Amino acid sequence: MQPTANNAPRPAAASIARFLAISGKRHLFLTGGRGAGKTTLLKELLPLLCPAPVPGICTRAVRGEGVDLVEVPSGRITRVGVFDPALPGPENRMRPVPGAFAKAGVRALDACMESPCPWAFVDEVGYLESQDTAYQNALLRLLEQKRVAAVLRSQDLPFLNALKARPDAWVVDLDRPFGKIGCVIMASGLGRRFGGGKLLASLGGRPLIDRVLDATEQGFSRRVVVTRDAGVEALCLARGVPCLRHDLPLRSDTVRLGLDALTGEVSLDACVFFPGDQPLVSSETVQTLLLAAAHTPTAIWRLGYGQQAGAPVCFPRALFKELRALPAGRGGGAVMAAHPELVRVLPALSPAELRDVDTPADLAELEALL
């Protein structure tokens, strides 16, 4: 996961494509400020969305001169904007070339509609395009006939706002792709069936919990490990990961302590509870879970595979009060049971992502999977 220019973590293309496939949305719009990586991400996404070459439009700025529209795949280039130093800066200093979008832009969009490819792309839609009604209408026709992946400038303009408000489009804001989501790593189990020391046992030459820390490294606003193990605490401190060590006995204690540690002075949109002994969950899956939670902020999202539902689980802020008041010894499953209508399942990449470690035999099986 690469950071954007404003230091927000940029989601992986694979995670975006993965959630789009289960979101029910027809179109994908990327937005965000300058330097957010919108064009780079779009290029990475296109082969994941469609194996065939995707037709579309690129616009490129020539510093101090103008903006060109490039038709793909023909490569035909048309100047659609001219630099005007008299305009106030620093961004919108281009004047549209009269009729350029109505001619070249509409022609390119019509070619996309005639292509056998089910997808088309537009990089980008901004204030120049927003001033040409013929081009806007052609783009709206394209949205009815094809699936469209587009880059939208982060500007408050009527046409851009209307595109972002479409119910059939998923808008990913690269300035805030994941919202404010916390992570509680549940590491308080005594591991009696394992014989003790489970989370520090070696898996692939590294402590088991180290892999969970890797998977949850980026994307969360805040993160804390809740444990009763001094060795786990030392490992977390060495990695600079916040850790809360306690001596309370119940699973409900771990949930409450972790949630309180994250939300004491911070308002979170949601919180993910991640078992410390589930080491094969990939960072891609974690990112996809975060995207899902940000897109549907009232849902409970959990990882699953086939008929098996498991963890990690993401709970929305509206359920924090219930999580803090869990019956003694119960976990988040009690809240899910009370709100089955809110539960959504994110398909895991493989059943291995749901595997946890209870015994030495479990650890040996995961070692073989690695």
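1. Strands β14 (residues 222-227) and β15 run parallel to each other and pair over three bridges; pairing requires at least two DSSP bridges between two strands. Within this pair, V226 has L244 of β15 as its bridge partner.

2. This is a predicted model, in which local features need pLDDT of at least 70, side-chain atom pairs count only at pLDDT 80 or more, and totals for chains, interfaces and linings use all residues. Residues are numbered from 1 along each chain as its sequence is written, and side-chain values use heavy atoms, without hydrogens and water.

3. The pair belongs to an open, mixed sheet of seven strands, ordered β15-β14-β11-β16-β18-β17-β19. Because β15 (243-245) and β19 (343-347) are the edge strands, each with a single partner, one side of each has no neighbour in the sheet. From one strand to the next, the twist averages 25°.

4. Helix α6 (residues 208-215) packs on this sheet and touches β11 (181-187), β14 and β16 (270-275); contact means heavy atoms within 4.5 Å. The direction of α6 makes about 175° with that of β11, where axes are lines fitted to C-alpha atoms, for helices over the stretch in contact, and angles run from 0 to 180 degrees between N-to-C directions.

5. Overall, the protein has twelve helices and 19 strands, taken as DSSP runs (helices H or I, at least four residues; strands E, at least two) numbered from the N terminus. The C-alpha trace spans about 75 × 40 × 40 Å along its principal axes.

6. Of contacts between residues at least 6 apart in sequence, 69% join residues at least 24 apart.
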